[in-house]
Amino acid sequence: KIHMEKNNLGTTMSALQAKVAGLIDPIWNEFLDYHYSAAFFHDVLKLFGKHIRQAHPDLEARLGRPLESLTVAPRPSGIDADVLIDCQFGINTPVSSPSRVRGFHLDSPKKLYNALLYMRAEEDDSDGGDLQICRFHDQPQFHKVTAPDDAVEVVDHVRYEANAFAFMVNSPAALHGVSSRMPTPHLRRYINFLAELREPIFDLSPYQIGAAA
């Protein structure tokens, strides 16, 4: 259940689960079949495999095989595989007072990548909700995966607009956030693509606020 009265609340739903439940038009079937397939994961590797290996040069050695040899399954299916992929419908609810749906953060250390496809409606004339690309002023600092505002600077952004797409190789350097949204009756709409492994790809414990030196 989506609480539309909540201010700027973020929520996602697995597109596969939405399909099984009969909640979406069959026109989406071909789109979903591809984005839940091993073929899609291998196409991602063709485009971004070099960047994944640069971010995690020891990953394949730890896994004991090339990324292209990993088994792949849809995350909602419960099938056991090396890589679990998902395609989610995401929204942020209407805004009654200016706010950020989420502050500066990293994605789960289990995620290999995350990608966003913005689905802004034609009638949406709201301000804000852009993806912010960030870095730390100095050393990384985290509370779990969230970074304090005063430790971060925004260096670039991807505007929230129809068909804008952003792909992020997940690593301790993949810091990002969402800019404040101004009051609006419109939903912020997007599709989220991700792949995650069974175990964390990197360790944030040395960067946790309050961790022993």
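1. Let's start with Ser97: this residue sits in the loop that joins strand 3 (83–92) to strand 4 (111–118). Helices here are DSSP runs of H or I with at least four residues, strands are E runs of at least two, and both are numbered from the N terminus.

2. A quick caveat: this is a predicted model, where local features need pLDDT of at least 70, side-chain atom pairs count only at pLDDT 80 or more, and totals for chains, interfaces and linings use all residues. Residues are numbered from 1 along each chain as its sequence is written, and side-chain values use heavy atoms, with hydrogens and water left out.

3. Ser97 is partly exposed, at 36% relative accessible area (buried is under 20%, exposed over 50%, partly exposed in between; 1.4 Å probe, protein chains only). Leaving aside residues up to four places away in sequence, Ser97 touches Asn7 and Pro183; contact means heavy atoms within 4.5 Å. As for Ala73, 24 residues from Ser97 along the chain, the two C-alpha atoms are 40 Å apart.

4. On the overall fold, the protein has 4 helices and 9 strands, in the order β-α-α-α-α-β-β-β-β-β-β-β-β. Its radius of gyration is 18 Å, close to the 17 Å from the globule rule for 213 residues, so the protein is as compact as a globular protein of that length (taken over C-alpha atoms; the rule is 2.2 Å times the number of residues to the power 0.38).

5. Of the 213 residues, 43% are buried. Among contacts with a separation of 6 or more, 80% are between residues 24 or more positions apart.
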